[in-house]
Amino acid sequence: MNKYATSTTLPAQHPKLKELSATAICGNDITSSCLYVSALAIIYAGQYAWVALLMVGGVLYLFRSIYGEVVGALPLNGGAYNALLNTTSKSTASLAACLTLLSYMATAVISASEAMHYVHHLWEGLPIIYATIGLLALFMGLTIMGIGESSIVAVIIFITHISTLSLLLIIGFSYLFSNGFGTLILNYSQPLDGSIWRALFFGFAAAMLGISGFESSANFVEEQAEGVFPKTLRNMWLAVTFFNPLTAFLAIAILPFAAVKENQTALLAYMGEIVGGNWLAILISVNAAMVLSGAVLTSYVGVTGLVQRMTLDRCLPQFLLKTNKKGSAYLIMISFFLLCVSILLITRGDIAALAGVYTISFLSVMAFFGIGNILLKFRRSRLPRPVRASGLALFLAISAVLAALIGTAILNPAYVWVFLQYFVPTVSLVFIMLYRIELLIFFSFLIRQIEKPLKRLIPFKSFTIKRLIQTIRSQEFVFFTRGDNIANINKVMRYIVENEHTNRLKIVNVLREGEEPPKKLMHEVEVLDLAYPEIVVDFVIIRGRKFGPELIQELSDKWGIPKNFMFIGSPGDRFPYGLQELGGVRLVI
């Protein structure tokens, strides 16, 4: 058993965003859906589209407490992936991460495509598909050059967008009261395709696209000042619950259904032209191009952070971490661009098809967030949290998301196939990485079977595979303990064996001045060392120190072990640090 002495190194500090800046960054994503969700809801729910959008607002209200509890207890970047990584197995967390990746991809494509549709409203000669590819390439280039999410630019875009939507509503309702309610009465007299309940169900499923982006605030919570995160959830809920139903109602009151369907890709610009003239249509189109382009940038920034986190956790190939002189992970951005272009070409820029893939992806992510909340209640009950979602809220929210997923699949089964074309390869790649040791062992067995009779023809020797396995498993992990009993340490060992590719573990006991390690602790570690012969266990006692961010940073630098390969048990209410201050240390029991 080894003992180490250490010196202090301060951890890096993240800049903290205030309420307006944080709301603008995630708000540009979720409120950009106002530009296209009304048309989709009207197509499926007809005159009851605004009701379906109000129902969506109700579901989003439930998710405020769900996200607030999960991220309040685990205030780390990564969204659903982080929530599940700290409450269940890495494979389950990776499944949620794959869905998040697809959600980002669909966000980028549908936002870029919609932006170009609004520009096309001004310039009819614009080739939309090629322009969309150009916009995606532009932001790939900008992010590779090191230009990330600027909070100042995000605030300007957000304020402009909210002001433009407000102006449209004011002028639109003035137009409605001046010209009468004839179109509204005509539209309400139109027969529904089935019952009102059918219209509301499928309209609700389509309208759930209006809350895509709600999860984005959880992906940069570490950059937000204390207390800001729940305010971003409230502000996003208020924005979509106010603007989406009113915009849909205004469209129903002013435009015949045929005109809505014909102009669904740039509905707000068309409606602005009707109620206010060409100047308002131009203003809406320019604003739409700005805010949707902002959503494209958000996607690039978000997917880069998520893929980097997954790659550091060894869920994706390590070559993706290569950076240029600017420090940008250019291979991630290039790969993301190529995937976006491929899905754009496969769907031929069909907004409805893109929306279907988008909806399936992000609704699945929200469902996983609900599941993460349930697991958090049972497995991390000791963690302090500012709010708690009730069991009823959880049940209703998850049920609503599943209903929307079913509705989307029934409405557009072809879109499910497009979704699976991307989801299956993505999951396959991740699970190959997660189970590569088992695959390499199996491959090594096959090589041994044919190595002797074909020795001269097989240049790839089984011992080469063994060396590769040893290299992968040489990554060391750390568990900090205050003297847990053998059952808890056994849980840690089991988690390591089942979820991580390693044969080396440091169990670290940090003691202050005058403290001594629990008498049975060293014996218990020795027993578990014998019980798990596949793992070499080092028991490390650090005396005269205080466990906290400084010590974690110091040991990470000294041992060359990333902080996301370090574990602690669930802290209680008296723990003096927030999890976000520990730099990515994971909870394991």
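How many salt bridges does the count come to? The count comes to 9 salt bridges. The model is predicted. My notes on it follow.

1. **Arg234 and Glu19.** These two form a salt bridge, with the closest N and O atoms 2.8 Å apart. Arg234 sits in helix α10 (residues 228-254) and Glu19 in helix α1 (residues 19-31), so the pair ties together parts that are 215 residues apart in sequence. Arg234 has 31% relative accessibility and therefore counts as partly exposed. Glu19, at 28%, counts as partly exposed too.

2. **Arg385 and Glu69.** Here is another salt bridge, its closest N and O atoms being 2.9 Å apart. Arg385 belongs to the loop between α15 (351-379) and α16 (391-411), while Glu69 belongs to helix α3 (residues 49-73), so the contact ties together parts that are 316 residues apart in sequence. Are the two partners buried or exposed? Arg385 is buried, with a relative accessible area of 12%. Glu69 is buried as well, at 0% relative accessibility. The cut-off for buried is under 20%.

3. **A network around Glu69.** The salt bridges of this residue should be read together with those of its partners. Glu69, Lys377 and Arg385 are linked in a network of salt bridges.

4. **Arg198 and Asp193.** The side chains of Arg198 and Asp193 also meet in a salt bridge, at 3.8 Å from N to O. Arg198 is partly exposed, with a relative accessible area of 38%. Asp193 has 64% relative accessibility and counts as exposed, because exposed means over 50%.

5. **Ser103.** Look for Ser103 in helix α5 (residues 90-122). Its relative accessibility is 2%, so Ser103 counts as buried. Which residues does Ser103 touch, not counting those up to four places away in sequence? They are Glu215, Tyr358, Ser361 and Phe362.

6. **A nonpolar surface patch.** Leu122, Trp123, Ile282, Val286 and Met290 form a nonpolar patch on the surface. Together they have about 430 Å² of accessible area. Helix α13 (residues 278-312) supplies the largest share of the patch, 3 residues. Trp123 has its place in the loop between α5 and α6 (128-144). With a relative accessible area of 51%, Trp123 is exposed.

7. **Strand β2 and its cover.** Why is strand β2 (residues 504-510) described as largely enclosed by the rest of the structure? Because 6 of its 7 residues are buried.

8. **The partners of β2.** Strand β1 (residues 476-481) pairs with β2 in the parallel sense, over 6 bridges. In this pairing, Glu476 stands opposite Arg504 in β2. Strand β3 (residues 536-542) is joined to β2 by 7 bridges, and these two strands run parallel. Here Val510 stands opposite Ile542 in β3. From β2 the chain crosses through helix α21 (residues 521-531) to β3. This β-α-β crossover is right-handed.

9. **Where to look again.** Then go to Arg385 and Glu69, 316 residues apart. For the surface, view the nonpolar patch that includes Trp123. For the strands, view β2 with β1, then β2 with β3.

How values were computed:
Residues numbered from 1 in each chain as written. Predicted model: local features only at pLDDT ≥ 70, side-chain atom pairs only at ≥ 80, totals over all residues. Heavy atoms only, no water. Helix = DSSP H or I, 4+ residues; strand = E, 2+ residues; numbered from the N terminus. Buried < 20%, exposed > 50% of the residue type's maximum accessible area, 1.4 Å probe, protein only. Contact = heavy atoms within 4.5 Å. Salt bridge = Lys/Arg side-chain N within 4 Å of Asp/Glu carboxyl O. Patch = residues over 30% accessible without salt bridge, like charges linked within 9 Å, V, L, I, M, F, W, Y side chains within 5 Å. Areas by Shrake-Rupley, 256 points an atom, 1.4 Å probe, with all protein chains shown as cover. Pairing = 2+ DSSP bridges. Right-handed = clockwise from strand over helix to strand, strands pointing away.
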